[in-house]
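Me: I've got a structure open and want to talk it through residue by residue. Can you take my questions one at a time?

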Amino acid sequence: MKKLLVISLLALSSLSHAEETKENTVTDATKSVVSGIVKFGKDLLEGADEGVDEGRKTGQSQDGAIIVDNGADLEKNLSVELLSVNKEGDNGSYIELGFKNANDNPVRIINLKDSENIIAIDADGYATNLARAGDNPMDVTIPSNAGRKQRFHFDIPADSVKEVRIMGKVLSL
């Protein structure tokens with residue numbers, strides 16, 4: 001009787017272990033599949049974004065504008081100056097940037113609302129992105145052989161702003 005009980009317990013223990021291993025295998029397989037789908041989706045979206053930007057840069061725009069989407073192209077095609085930092089409401093501010101274009105074609109800066117394309121840095125070194133509310137443009141076009149002043153709105157007090165970065169270019173007060 002004791003032998004039968006021991007054998008039964010061993011068999012039950014083996015079945016329990018096999019079921020646990022099976023669950024871990026199913027969990028691992030599911031995790032792997034879902035991870036692959038998410039990675040594929042992220043890569044797909046990133047590729048689509050890059051494709052749109054590349055198409056905009058290489059294709060001829062209707063107005064013949066030079067398309068700028070990075071710091072190197074910004075530096076090559078425009079001069080940028082921090083004109084002012086102004087109070088807006090209780091805890092907000094807007095900065096005014098001056099863009100000068102010495103080209104014979106207009107220059108269009110795109111993707112300005114992307115994460116690090118325009119940020120304000122405070123005295124402690126913390127970054128603030130463009131305010132979600134406000135009239136922040138996605139793109140700015142600077143006419144040929146001319147300049148353009150453009151405002152950008154932030155949720156940071158004006159007296160806290162110590163520098164502004166646009167596509168990596170540092171503009172200090």
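**Around Glu 163**

Me: Which residues is Glu 163 in contact with, leaving aside neighbours within four places in sequence?
Reply: Keep in mind that this is a predicted model. Glu 163 lies in strand E9. Leaving aside the residues within four places in sequence, its contacts are Ile 119, Ala 120, Ile 121, Val 170, Leu 171 and Ser 172.

Me: Is Glu 163 buried or exposed?
Reply: The cut-off for buried is under 20% relative accessible area. Glu 163 comes in at 18% relative accessibility, so it counts as buried.

Me: Which side chain does the side chain of Glu 163 make a polar contact with?
Reply: Glu 163 sits in strand E9. Its side chain makes a polar contact at 2.9 Å, and the partner is the side chain of Arg 165.

Me: And Glu 81, is that one buried or partly exposed?
Reply: Glu 81 lies in strand E2, where it touches Glu 96, Leu 97 and Gly 98, not counting residues up to four places away in sequence. Buried would need under 20% relative accessible area, and exposed over 50%. Glu 81 has 48% relative accessibility, so it counts as partly exposed.

Me: How many Å apart in space are Glu 81 and Phe 99, C-alpha to C-alpha?
Reply: In sequence, Glu 81 and Phe 99 are 18 residues apart. In space, C-alpha to C-alpha, the separation is 6.6 Å.

Me: How many residues does the largest nonpolar core have?
Reply: Phe 99 is among those with the most contacts inside this core, along with Leu 97, Ile 109, Phe 152 and Ile 166. Elements giving two or more residues to the core include strand E2, strand E3 and strand E9. The core's residue count is 24.

Me: Where does Met 167 lie?
Reply: Met 167 has a positive phi of about 50° although it is not a glycine. Most residues other than glycine have a negative phi. Met 167 is also buried, with a relative accessible area of 10%. Its place is the loop between E9 and strand E10.

Me: What is the relative accessible area of Asn 111?
Reply: Asn 111 lies in the loop between E4 and E5, with a positive phi near 60°. Asn 111 is buried, and its relative accessible area is 11%.

Me: How many charged residues does the lining of the largest pocket have?
Reply: About 160 Å³ of space lies in that pocket, and the residues lining it include Lys 113, Asp 114 and Arg 132. By class, the lining has three nonpolar and three polar residues, and the number of charged ones is three.

Terms used:
Residues numbered from 1 in each chain as written. Predicted model: local features only at pLDDT ≥ 70, side-chain atom pairs only at ≥ 80, totals over all residues. Heavy atoms only, no water. Core = buried A, V, L, I, M, F, W, Y, C linked by side-chain atoms within 4.5 Å. Buried < 20%, exposed > 50% of the residue type's maximum accessible area, 1.4 Å probe, protein only. Helix = DSSP H or I, 4+ residues; strand = E, 2+ residues; numbered from the N terminus. 1 Å grid on protein atoms, 1.4 Å probe; cavity = no way out; pocket = protein on both sides within 12 Å on 5 of 7 lines; lining within 4 Å. Points joined across faces, edges and corners; volume = space filled by probe spheres on them. Nonpolar A, V, L, I, M, F, W, Y, C, P; charged D, E, K, R; others polar. Contact = heavy atoms within 4.5 Å. Polar contact = N/O pair within 3.5 Å; in protein donor to acceptor, adjacent residues only side chain to side chain.
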